[in-house]
Amino acid sequence: MTSTGLGLRDRVTRLVEAATTPLLPRDYLDLFAPLRSGADLRGKVVAKRHETADAVTVVIKPGRGWREHVPGQYIRIGVDVDGVRQWRAYSVTSDRAATDGTISICVKAIPDGKVSNHVVRDLRPGTVVQLDQATGEFTLPAQRPAKALFVTAGSGITPVMGMLRNHLDELPDAVLVHSAPTAQDVVFGEELRAMAATGRLRLVERHTERDGFLKPVELAELVPDLHERTTWACGPAGLLEALEEHWAAEGIADRLLIEQFRPRVLVTGEGGAVTYNKTGTTVESDGATPILDAAEEAGLIMPSGCRMGICYGCVLPLREGAVRDIRNGELTVAAPGDGVLVQTCISAAAGACDIDH
Amino acid sequence: MTVLQKKSDNPVAHLSAEDVEEIGRRLDAIRQEVVDSRGADDAAYIRKVIDVQRKIELASRAVLLLSKFPPAWFIGTAGLSVAKILENMEIGHNILHGQWDWMRDPKIHSTTWEWDMASPAEQWKHSHNELHHTYTNVVGKDNDLGYGIMRVDEDQKWIPLYLAQPLWNFVNACFFEYGIAAYDLELGKNLATEERRNDPKFKAAAKQVLKKIRKQATKDYLVHPALSGPSFVPTLAANFVANLVRNLWSHSVIMCGHFPEGVETYEKTSIEGETRGEWYLRQMLGSANISGSKAMHVMTGNLSHQVEHHLFPDLPSNRYAEIAPKVKAIFDEYGLRYHTASLPKQVASAWHKVFRLSLPNGWMAATTPKNAPQQVAQLYKLTTGGPKVRRAYDRAQRAQAEQALAA
Ligand SMILES: Cc1cc2nc3c(=O)[nH]c(=O)nc-3n(C[C@H](O)[C@H](O)[C@H](O)COP(=O)(O)OP(=O)(O)OC[C@H]3O[C@@H](n4cnc5c(N)ncnc54)[C@H](O)[C@@H]3O)c2cc1C
Ligand code: FES
């Protein structure tokens, strides 16, 4: 485009903005085309398919701004559960070649899980969800390994399924050891068995109700050439820790890549250290004192207003951590990237907190 | 209305301290019920209102492109007025209160929202949420009480200037959004001295307001008319009328909230060390509701439930209707006046107060068709006579009141 053309475009943009102020043109466009290019990244749920009794594949048509993912990577999706926006990470499982511009994730409902149960039971096709671009390092290198081993358990199969669906043909020697309570609980069970039947994948299924949890020593028996392999592991923290120890002991820690699903368990109790990233200050505060008071006592300049929870003049993003509403004891937890906004005047620390201020 | 503490028949005299705290606990429980049950339906409600409002606005502005044709002008102007009212009342005001912050949707959040109003959201949140809602009806602290330009209380000394206050009030109603911007800036106070005028903080705020006004005016009075081509003038007129309608409407609704006769006001000293229960009580007696249809409630931004809104300013507005009966039950049980009436009644009552207080204390009540000539003569004297005459009148009024009380 020529420079005068650009100038024209700028002028048109400015004119349209002048016509929509105080809103932006996109606030109106979002009403009609939430998935258009240039919009915040969103996706539309186009289908849902049960994989097991408590796991579903969700097929999503991402907006025009979607950039290709690398199999093994995950996306963050924002869904409204009981009217509240919740963000969670899910690995992309879809086959890039076979899909029509859609991607899919597979979500397994965990006991009391807010988002996973909502997605499995209530999320309806047609719903628009918020998305982030795919990210993550749990992927295959461009130079495919001569010998690969995948160790997964439960829903930990998902990133590996993404790799197998897209790249199994490029892996000359691949072994998958997968644990699930029973044969029926194996997510993607049929598809994995079909892959194994073609001879391209060696599949070892472990049914923990019968065989017990997998131990690294047993793994070494099942896959004797384990040190010659590059290994990708994804599953419960206990399994991953055991594998890391074993690989370290064997001196091949650099051959193991792991993906952890579960965010670090927050110690939520009474009080904690509150860190303000912009000022670099950390303030110890107890479980009964509002964060606002504790910070001010420590000399920080904080936004505030009524100091009684009605004006929202004190709202700041909680980057990570847990706070308790001193009025009703309600806990608000934030994982990195969430940026949950909290009213500091009625929130006390309920664990270590990182506040954007 | 005389401040509560000076009233002979104090409407809360029959309540014990324990009663007041019990009222506070019961109101807290009502609040908690709503907080616990906020959910997908509420989120769907506000998203629907926003969606509908934006579509009405787009459609009306599109129709106005042909505003040369009178039917298009009328439909477009009506639509735009409705859209502007919804945008200010049910959407903007309530989002800026943080009523929808719990959804954690950054697009519908008190910290990110900007509205179709002369006053920037940031400044309005300070003067409205922090000052007005915290110091509701406290004479000398709550700017909403008369917006600093009116006599809204017997205890404010009467001066002849106040005779013009009905006119002020009407002018303020027509240009309400600018009035709000002016008192969010505390223009009266800040323009008063050289030092205040030059305060960088004030200057920055004033600049921000002017910028906002310029953008708003450019949209309504330049860009939209220009896009209408041959309909330039009618479209400009349509925008002016829509803003006028919105201003008159929001002014009326807001006047109904705290102005009607019988709404209580408070002295500055009365709120020192106020407990939560006492704060609630002040809100209960300092607000008035408007009764009416569902559509009316939506168009007032549910400020028709002013009592409930002042008790729980951060609860979603669509829930006020459902808690109103429970709140009223508490009023009834504790023998308090739940102030509610239809829109025409409340507007009339508020205007009655504006007129009554534009005159010296007691003058309006004492005036009958028979004694009108003498009363007018007296008013003339009070207006032209200087402070001494007025003090004498005040003394006589007080003596009369004491006599009446003694009898
Ligand atoms: C990089 C990454 C990729 C992921 N990919 C997938 C995926 O493909 N499929 C999938 O189903 N999940 C995946 N997860 C996990 C997912 O993001 C959620 O943590 C999970 O769905 C639980 O969310 P929830 O809202 O249902 O539970 P919450 O309501 O957040 O938690 C409920 C309870 O369960 C515990 N809990 C939280 N997460 C887990 C967990 N993973 N396992 C067991 N207990 C937990 C919590 O401590 C809490 O006590 C991934 C996570 C990460 C970080
Ligand atoms: S200071 Fe008012 S809500 Fe926090």
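How many cavities of 30 Å³ or more does a search of the whole structure find?

Guide: This is a predicted model, in which local features need pLDDT of at least 70 and side-chain atom pairs count only at pLDDT 80 or more, while totals for chains, interfaces and linings use all residues. Residues are numbered from 1 along each chain as its sequence is written, chains are lettered from A and ligands numbered from 1 in the order in which they are written, and side-chain values use heavy atoms, with hydrogens and water left out.

The search of the whole structure finds 6 cavities of 30 Å³ or more. A cavity here is a set of points, on a 1 Å grid over the protein atoms alone, where a 1.4 Å probe fits but cannot get out, and its lining residues have an atom within 4 Å of a point. Grid points are joined across faces, edges and corners, and the volume is the space filled by probe spheres set on the points.

The largest cavity has a volume of about 230 Å³. It is lined by 21 residues, of which His93(B), Trp124(B), His128(B), Ile254(B) and Leu303(B) are the closest to its centre. The lining divides into 10 nonpolar, 10 polar and 1 charged residues, where Ala, Val, Leu, Ile, Met, Phe, Trp, Tyr, Cys and Pro count as nonpolar, Asp, Glu, Lys and Arg as charged, and the others, Gly among them, as polar. At least two lining residues come from each of α3 (70-96), α4 (121-134), α6 (176-184), α10 (232-258) and α13 (306-311) of chain B, and the largest share, 4 residues, is supplied by α4(B). Helices (H or I, at least four residues) and strands (E, at least two) are DSSP runs, numbered from the N terminus.

Helix α11 (residues 276-285) is itself mostly covered, with 8 of its 10 residues buried, among them Trp279(B), Tyr280(B) and Arg282(B). Buried means under 20% relative accessible area, exposed over 50%, and partly exposed in between (1.4 Å probe, protein chains only).

Glu186(B) has a positive phi of about 50° although it is not a glycine, and at 27% relative accessibility it counts as partly exposed.

His224(B), found in helix α9 (residues 200-227), counts as buried at 5% relative accessibility. Leaving aside neighbours within four places in sequence, the contacts of His224(B) (heavy atoms within 4.5 Å) include Arg61(B), Leu64(B), Thr235(B) and Asn239(B).

As for the chain as a whole, chain B has 18 helices and 2 strands. Its radius of gyration is 23 Å, close to the 22 Å that the globule rule gives for 407 residues, so chain B is as compact as a globular protein of that length; the radius is taken over C-alpha atoms, and the rule is 2.2 Å times the number of residues to the power 0.38. Of the 407 residues of chain B, 51% count as buried, and residues 24 or more positions apart account for 71% of its contacts with a separation of 6 or more.

Key
1 Å grid on protein atoms, 1.4 Å probe; cavity = no way out; pocket = protein on both sides within 12 Å on 5 of 7 lines; lining within 4 Å.
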